[in-house]
Amino acid sequence: MDSRMDMDTVTLVVDAANVVGSVPDGWWRDRRGAAERLRDRLVPLAAAGLPELPGPLEVVLVVEGRARGVGSVPGVRVDSAPASGDDRIVELVAQVPGPCVVVTADRELRRRVGELGAECVGPRTVRN
């Protein structure tokens, strides 16, 4: 991680579809439920942070498609993308005033948010 991340609260933007889809555990049968389980696993990270990214973190979970409508919980704000989740993530990253880390394995999304100054980590970073 970049040393500038120590100065401000970091926004962690999580690509729900990419993280959920990274493990073939039957998520496709209940996309909304899978997104809710991911959201709930992210709650402790808001306070504790990640190994190389100390908390507190502002956590934003971006959902799309059949996962839309998942509610926010304390510690994790859920953003329902009106169309493409990737496009919404790029919009959010462009609006973040401080340091931002995006959780995704999507190469094109990594390129797009990297051009905006965001760092990227893979789905394993937030999966148990």
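Strands here are DSSP E runs of at least two residues, helices are H or I runs of at least four, and both are numbered from the N terminus.

Quick housekeeping. This is a predicted model, so residues are numbered from 1 along each chain as its sequence is written, local features need pLDDT of at least 70, side-chain atom pairs count only at pLDDT 80 or more, and totals for chains, interfaces and linings use all residues. Side-chain values use heavy atoms, with hydrogens and water left out.

Back to strand 4. It runs parallel to strand 1, joined by 6 bridges, and parallel to strand 5, joined by 5; pairing takes at least two DSSP bridges. On the strand 5 side, Val 60 has Arg 77 as its bridge partner. And 6 of the 7 residues in strand 4 are buried, meaning under 20% relative accessible area with a 1.4 Å probe, protein chains only.

So what sits in the largest nonpolar core? There are 27 residues, and Leu 12, Val 14, Leu 38, Leu 42, Val 59, Leu 61 and Val 126 have the most contacts inside it. By nonpolar core I mean buried Ala, Val, Leu, Ile, Met, Phe, Trp, Tyr and Cys joined through side-chain atoms within 4.5 Å. Helix 2 gives the largest share, 6 residues.

Take Val 14: beyond its neighbours within four places in sequence, its contacts (heavy atoms within 4.5 Å) include Leu 38, Leu 42, Val 59 and Val 103. Apart from that core there's another, of 14 residues, with Ala 81 and Val 90 among them.

Key. Buried < 20%, exposed > 50% of the residue type's maximum accessible area, 1.4 Å probe, protein only.
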